[in-house]
Amino acid sequence: FRGALSTTQLCGVELRVLESPWLTHVGYRSDHSRTGRLSDLRVAELTHVLAGPIVGALLGAMGARVLRLEDPQRLDIYRRTGPFARGKPGVDRGAYFAVANHSKQSLLIDPARAVDDVTAALSDADVLIENIGSGRLARLNVEPSAVASSGRLAVRVSGFGSEGPMAGYRVYANNVQAYGGLAGLTVEPDGSPARLGTVIADPLSSVVAAAVVAAWAVGPARDTGAVIDLSMAEVVASTVAEFVAAAAAPDSCDIGDSSHRGVHPAADGRWVAVEIAEPDEWTRLAEILAVSDDSRHPTVIEKLAGLVAGASADDVSARLSASGLRAAAVQRAEDLISDPHLAIRGFFPEIAHPDPDIGTARLVGLPWRFVGRGPVPLMPPPALGNANAHEGGMTNVS
């Protein structure tokens, strides 16, 4: 229905391949010209939870002016749930909220006049980001096609897109990671499902959406409005696109038949990820283990597991890597915080926390930077309603 799959030819073989994970509906030209600078881009967002808010955070970090519209009667779940900074609950202290909402401002709307407040905020915006769904948008009298018709961009982020037989389904990452094929490819050596221990669909979708907004803002079509209807499920499917294409090929072989992709426990309680795929890699592994390379005999993997178990994760991964094999120690969260490479790159920037009792805190940085500019600086997540003092009339909303 969404046209996400198309047919192409590769060496005479017909394959099914994935298109961009969004639909585009072009609107009309704006009545004024935009500068093409992200620092002049004005973004308003009606978002909650994770995928939608991160889009605005990424754009805000790159210089856009992002205004988060918040209803005090329907606060984001991440403002209300922990983990909280220093273990003390508070609407400005949520760790998840900080990660997903840095580098923006917060405007509290008055529930008694929500339509008017939202209309006023959107009238000053170049871009609307939303993931609250069509029903709530209708109650707020927000029509994405009207945004596009006025020469602005409306970016809609949802599990399956806002058009199609599955539009309107409320989802979390597990739903779309299963639907998009990622969960089916995440398996134990015996083929049984392995648990994905974190959400991948949300940040992936956010990066895609932020890239689309940035491309529009600095590109030649920035004065023409459009609706971008992004499907998180299609983003997930795009990450495993090579498996989709392989599955479409007649008589395709299982690429995992002659490969070993495993994670093995080391002596220090950590794990080491090892991938052995090519014939010469199997030969090198057999030499390291002092066994015969007899068509990847199962004892090779047993001995590999024993080798890893007898040393620290860093030592054994370094030894295998030095032999030309693909091996790496599995990093834990606490390892990342103190990792010297990330520290040198300034990956955990320090910000002034919106709660004055905390002082300074660190956030997870952007995984890219502008050449010659160093790490992208982040602004703090917004204190609830911190933009209202500049709007007038709503500073007492709580």
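Which residues does Val127 touch, not counting residues up to four places away in sequence? I looked it up: Val127 touches Leu41, Arg42, Val43, Ala44, Leu153, Val155, Val213 and Trp216, where contact means heavy atoms within 4.5 Å.

Ground rules first. I'm working on a predicted model, where local features need pLDDT of at least 70 and side-chain atom pairs count only at pLDDT 80 or more, while totals for chains, interfaces and linings use all residues. Residues are numbered from 1 along each chain as its sequence is written, and side-chain values use heavy atoms, leaving out hydrogens and water.

**The core**

I went to the largest nonpolar core, which has 50 residues. A nonpolar core is a set of buried Ala, Val, Leu, Ile, Met, Phe, Trp, Tyr and Cys residues joined through side-chain atoms within 4.5 Å, and buried means under 20% relative accessible area (1.4 Å probe, protein chains only). Val127 is one of the residues that touch the most other members, and Leu59 is another. I noted that α9 gives this core its largest share, eight residues.

**α1 against α9**

Among the residues making the contact are Leu58 and Leu59 of α1 and Val213 of α9.

Technical notes
Helices (H or I, at least four residues) and strands (E, at least two) are DSSP runs, numbered from the N terminus.
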